[in-house]
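Hi everyone, thanks for coming. Let me put today's structure up on the screen, and then we can walk through it together.

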Amino acid sequence: MSSDTLRVGIVGLGVISRFYVKAFDELPQVELAAVCDLRADALAPFEGKVPTFRDYQDMIAAGGLDAVVVNVPNDVHARVCGDLIAAGLAVCVEKPLATRVEDGRELVRAAREKGVLLFTSFHRRYNDNVLDLIARVPAGAELAHVTVRYLEMIEEHAGDDHWYLDPERCGGGCVADNGPNAFDTVRQIVGDVTVTDSKVVRDAHGTDRQADVELRTATGTTVRVLLDWAYPGETKDVEVTLTDGTVLTADMLGGHEGFKTSLWHEYVGVLRDFATALAAGEDRSEGGLAALELVADVYRREAATHADATEGTR
């Protein structure tokens, strides 16, 4: 191991962790140096290979790390990230940054005060087909409209991570968990956006299963984000319409045959970009917070609409 190797630990060995673990094999300058999980069976494959821990505080205390990937349930992102930042460790946290926008703002403040990298992992940002679409937009072209669809049956994707289906632990439903990836893809293409309208559909248990969100840039580009957690199958794509009428499309899953196979190359991109940002001393905290602010705005609008409807029936 060279002295400039980035030593990274992982906290949380749930369904997404395998994509991170495999990505280390593709990046010799980044080393998997420790893993942590509450479950002994999750740690078993790593015993004798890297240090293993049942408590992330023990992992912090053991030292030997430069950075940590946080892959725990959404409701504990804020606590784990906050403790890592306080310890001076760079953080790569699975989206969303937190379940509450107030906690996200506090994490950004703490990271900047400490001078620590806080990097939210938006794996679709590294999707080869989306990157190709962006490259195909002619220089200087103006965008009229963008549509991002993120449709799936959540039970098929959650695996053993049943917390996805608990709104308290997830932070909500499709808006809270899939929304950040979709909103970040929008921002990757058009820059900053604001929510102009939204419709949220909840199931009998109160979980938001579908959402139709309209957004707009300061220069007038309109955006539509469609989210669905009750979709038979999986569709994740982008359509960009230029002001001259040209339409460009990207299928995030295109060319990646098999369930979740697109994630393999995307998580290599996540770790590579994280390492690059850390080496360059960049501040990447804004992206995670921007997506969380958009999620919060959708839920605020829904709550306000419900309150108005209730008031109107009195």
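How are helix 1 and helix 11 oriented to each other, roughly parallel or roughly perpendicular? Before I answer, please keep in mind that this is a predicted model. Helix 1 covers residues 17-26 and helix 11 covers residues 262-280, and the two pack at an angle of about 70°. Angles of 65 to 115 degrees count as roughly perpendicular, and therefore that is how helix 1 and helix 11 lie to each other. Their axes are 8 Å apart, and the crossing of helix 1 and helix 11 is right-handed.

So who makes the contact? On the helix 1 side we have Arg18, Phe19, Tyr20, Lys22, Ala23, Phe24 and Glu26. Helix 11 answers with Leu263, Trp264, Tyr267, Val268, Val270 and Leu271. Sorted by class, the contact between helix 1 and helix 11 has 10 nonpolar and 3 charged residues, with no polar ones.

How many cavities of 30 Å³ or more does the structure hold? There is 1. The largest cavity contains about 280 Å³ of space. It is lined by 26 residues, and Ile16, Glu94, Lys95, Tyr164 and Asp177 are the closest to its centre.

The largest pocket holds about 440 Å³ of space. Of its 21 lining residues, Gly12, Asp37, Leu38, Val72 and Pro73 sit closest to the centre. By class, the lining of the largest pocket has 10 nonpolar, 3 polar and 8 charged residues.

The second largest pocket has a volume of about 220 Å³. Here 13 residues form the lining, with Phe122, Arg125, Asp184, Arg284 and Gly287 nearest the centre. Strand 6 (118-121), helix 10 (179-190) and helix 12 (285-312) each give two or more residues to that lining. Which element gives the largest share of it? That is helix 12, with 3 residues. What about the classes in the lining of the second largest pocket? There we find 7 charged residues, along with 3 nonpolar and 3 polar.

Technical notes. Residues are numbered from 1 along each chain as its sequence is written. This is a predicted model: local features need pLDDT of at least 70, side-chain atom pairs count only at pLDDT 80 or more; totals for chains, interfaces and linings use all residues. Side-chain values use heavy atoms; hydrogens and water are left out. Axes are lines fitted to C-alpha atoms, for helices over the stretch in contact, and angles run from 0 to 180 degrees between N-to-C directions. Helices (H or I, at least four residues) and strands (E, at least two) are DSSP runs, numbered from the N terminus. Angles under 35 degrees count as roughly parallel, over 145 as roughly antiparallel, 65 to 115 as roughly perpendicular and the rest as oblique. A crossing is left-handed if the near helix is turned anticlockwise from the far one by less than a right angle, and right-handed if clockwise. Contact means heavy atoms within 4.5 Å. Ala, Val, Leu, Ile, Met, Phe, Trp, Tyr, Cys and Pro count as nonpolar, Asp, Glu, Lys and Arg as charged, and the others, Gly among them, as polar. On a 1 Å grid over the protein atoms alone, a cavity is a set of points where a 1.4 Å probe fits but cannot get out, and a pocket is an open set with protein on both sides within 12 Å along at least five of seven lines; lining residues have an atom within 4 Å of a point. Grid points are joined across faces, edges and corners, and a volume is the space filled by probe spheres set on the points.
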